[in-house]
Structures are given as structure tokens and as C-alpha cells.
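Good morning, and thank you for coming. Please look at the sequence and the model while I speak.

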Amino acid sequence: MKDIISHKVQNMQPSGIRAFFDLVLGMKDVISLGVGEPDFATPWSIRETGIFSLENGYTTYTSNKGLYKLRLQISRFLKNHYKLEYDPEEEILITVGVSEGLDLAARALLNPQDKVIIPQPSYVSYGPVVSLCGGIPKYIYTKQSNGFKVTSELLKAAIDKKTKAVVLNYPSNPTGASYTKKELEALKKVILQNNLICISDEIYDDLTYDFSHTPFAVLPGAKKNTVYLNGFSKGYAMTGWRIAYACGPRQIIAAMTKIHQYTMLCAPTVSQFAACEALQSGRRALEHMKKEYKRRRDFVVDGLNNLGLSCLKPDGAFYAFASVKDTGMTSLDFAKKLLDKEKVAVVPGTAFGKNGNEFIRISYACDIEKLKEALSRVGSFISSAKK
Ligand SMILES: Cc1ncc(COP(=O)(O)O)c(C=O)c1O
């Protein structure tokens, strides 16, 4: 029985977020700032459309690629919103979350030993997904002093003959960092010069607070080298519906569809109907939620900096990534002790890469009253730790 599990899976570390939140389970009165999902319920018109689709008996599979109606709406939305053009027949695939889109992209693109550049701190899935496909994650490390942004120099230095792709995620989980068009142009130059594929996870695009989001694929010449991943989980508060989409060159989307048809068949039908409604009537609710996140962001970031936990203002998403360096504690120590003493759960930055060791991630997808109470408890914790 010793060798029953695949070696790749044996070697895979469980998610640092999960490991930490196993500690939280069973504790009472904990304020959790750990979860990476909206605290809002899905807007009612979207839920209602899902319910109607069930009432109308739409309970079968859809086409593998997803409902044509949804692909068409996505294609129109991207064109109107970003001037980004994708053919709904051949360049858009409906997936089970961006999570599936990522997995499909990696499986469709990678041969054994192909390298994928992953800037860290990063979302927890990228490295394991690449490794499961036999690829090699090549981590590069961004710094707080540089806004946690990848630069063309960092990127260039990481590329070698085996490099096949780069994962970009902006606005970023966990740092909230995003890029202006000019910054993206500089990265694009390196990516195209080296004929790499950019797997661009833009799931938080709608939650960009201070400037307009630029999809990587809209940059001149970039589309042919880009797999654009986006979905409904974050902006429309639809995490549990498991619905997203991947767009890209037809050759890549065809390859991803081939894998998807054997492994997933199609995304949930009820969620596809609901997603159509999200694009139709969900934008108002989205703007309302975004306004609230922005108010919380400003509150939390000021609060953390006032407590001496240096924190940049995130450009987007709903996370604050604050330094605990001046407390003399590591991120894991800080998070464990804060949980133990003040019952506030935050995620240690090491869950997002080794350069996260000085940081904690705080999700502000949480009621502002709870955030106030949590910050006051963090304040008490820091004061007592100094004594
Ligand atoms: C950066 C990023 N990408 C992808 C996902 C997964 O999204 P989905 O719910 O669409 O699978 C998450 C979820 O936290 C995320 O933060």
C-alpha cells in the first residue's frame, strides 16, 4: 500500500490557507478575515434566473463549450467593455470556475519539464497546477518596495529555453497590485520577444478601484499569445455557482475544450443561465459592491498603517497585504498568536510564497463593523506583544 498515491500528489503541499483554517474550525467567536470570497449573496435577479431555469426544466447538459447564448453575451460584453474581440464559436470556452480554466490551460500547453514563470506572492493554485501537468513552476519574487509588481527585468532574468508560459494575475490575490497599460506594455514586450504564452488570470478585473483595468489580450499583438481567464465568482459574488470562461486563440481553446469534454463535459447548466443574467442586469449590483469594498479598503489600510503594520493601498481585489516585520514575528507566528490571543483569523503570507514571510493577508470582504472590531483586537495584540 505504500506507493498507492501518485508521486506528484505525494510531493504536493496542502494549501497553506486550508492548513491554517483547520485551526480556526471549532473555535468560537473568531472574526475571520481569511476567506477569499465576497460576503454578499449573489444579486437577486441572478439567483432568480437560476431558479427559473430549474423551474423550466433546463436540467440537462449543455454543449461542451457552454451555452451559445452565454458565449455570445461574453463576446459582446468584452467587445463593449474592453474592445476585446473573441469569436463565441471558437475562441470562448465556459469553464467550472477560473480554477478549471487554469488547469485546462496548463494541461493544454505544457509538455513535461516545460517551465512556467509564476510571480509570487501568488494565488495558491498556480504552482501545484503546473506541477500536476509535469511542468516546472519558476517562481520570481516581487517586493513591497516595488508595489509587488513584476518588472520586465525580473521577467527577462527568469526566462530560459524551457520557458513556455507566464502566469499574470492582476489585480492580485493576495497583494491587490495591478498594472497600468504602460506597465503591461513593458511586460508584453518581453513575453512576445520570447514567444511565451501569457496565462492572464483577471478574475478581479471588475474590482479595480483607482484606474481602468486593461486586459492583457487587448494590448496590440498580445491576443495571439494570451489565454484570458475570467469569471463570475468575485465581481458578481457567485463563488458557489462555479462559473467562468476562458478566451484565447482557437487552437488553444480547441485543445482546452478537448480536455474539458472528457473531464467535465460542461459547466453547470443552472449557473450558465444565471451568468447570462449577471451580464444582463448584474452590473448595477456589482458597482454597488465595488463601492463598498473600496470604502472598506481605505478604512482597513489606514487602520493597519496606524497600527504600524505597513500596508500599500491595493489597486484592486479585496485583500490587504500588510507587513508584520516590525513586530519581530514571522507571518505564521503572528497569525497563530493573533488567533490564539485575540480570536482574529488572518492568512500568513507564507501561504502565497516564501517571500510572503513578512506579511499577513487580510480579506476585507467582510462587514465594516467586524473590520473595526478586528483592527481594535489587532491593536491590543500588538501592544501586549511589545510588553
Ligand atoms: C486569483 C484567483 N484566481 C482564481 C480563483 C478561483 O476562482 P474560481 O472561483 O473562478 O474558480 C481565485 C479564488 O480565490 C483567485 O483568487
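Two remarks come before the details. This is a predicted model, in which local features need pLDDT of at least 70 and side-chain atom pairs count only at pLDDT 80 or more, while totals for chains, interfaces and linings use all residues. Residues are numbered from 1 along each chain as its sequence is written.

Let us begin with the domains. The domain assignment of the protein gives domain 1 (7-42 + 284-386) and domain 2 (44-282); such bounds come from an automatic or database domain assignment. Between the C-alpha centres of domain 1 and domain 2 there are 25 Å. Where the domains meet, 35 residues of domain 1 are in contact with 34 residues of domain 2. Contact here requires that the C-beta atoms of two residues, placed from the backbone, lie within 7 Å.

Which elements supply the side of domain 1 that touches domain 2? Helix H2 (16-24), helix H11 (283-306) and strand E9 (319-323) each supply at least two residues of it. Helices (H or I, at least four residues) and strands (E, at least two) are DSSP runs, numbered from the N terminus. H11 gives the most to this side of domain 1, with seven residues. By class, the side of domain 1 that touches domain 2 holds 18 nonpolar, 10 polar and seven charged residues. In this classification, Ala, Val, Leu, Ile, Met, Phe, Trp, Tyr, Cys and Pro count as nonpolar, Asp, Glu, Lys and Arg as charged, and the others, Gly among them, as polar.

I turn to the interior. In soluble globular proteins, nonpolar side chains tend to be buried together. A residue is buried if 20 or more other C-beta atoms lie within 10 Å of its own, exposed if 12 or fewer, and partly exposed in between, with C-beta atoms placed from the backbone. A nonpolar core is then a set of buried Ala, Val, Leu, Ile, Met, Phe, Trp, Tyr and Cys residues joined through C-beta atoms within 7 Å. The largest nonpolar core has 110 residues, of which Ala 105, Ala 246, Ala 320 and Ala 322 touch the most other members. Helix H5 (residues 97-109) contributes the largest share of this core, seven residues. The core draws at least three residues from each of domain 1 and domain 2.

Leaving aside residues up to four places away in sequence, Ala 246 touches several residues, including Leu 93, Gly 101, Ala 105, Val 227 and Ile 253. In strand E8 (residues 244-247), Ala 244 and Ala 246 point one way and Tyr 245 and Cys 247 the other way, and all are buried. Two strands pair if DSSP finds at least two bridges between them. E8 is joined to strand E2 (residues 92-95) by four bridges, and the two run antiparallel; here Ile 94 stands opposite Tyr 245. E8 also pairs with strand E7 (residues 226-231) in the antiparallel sense over four bridges, with Gly 231 opposite Ala 244.

Strand E3 (residues 115-120) is largely enclosed by the rest of the structure, because six of its six residues are buried. Six bridges join E3 to strand E4 (residues 136-141), and these strands run parallel. In E4, Tyr 141 is the bridge partner of Gln 120.

Beyond residues up to four places away in sequence, Ile 136 touches Gln 113 and Lys 115.

There is also an open sheet of three strands in the order E9-E12-E11, with antiparallel pairing. E9 and strand E11 (347-348) stand at the edges with a single partner strand each, so one side of each is left without a neighbour in the sheet.

Next, the ligand. Of the 13 residues around the ligand, Gly 97, Val 98, Ser 99, Asn 173 and Ser 233 come nearest; a residue is near a molecule if its C-beta atom, placed from the backbone, lies within 6 Å of it. H5 provides the largest share of this shell, three residues. The shell divides into four nonpolar, eight polar and one charged.

Finally, Gly 221 lies in the loop between strand E6 (197-201) and E7. Gly 221 is exposed, with 10 other C-beta atoms within 10 Å.
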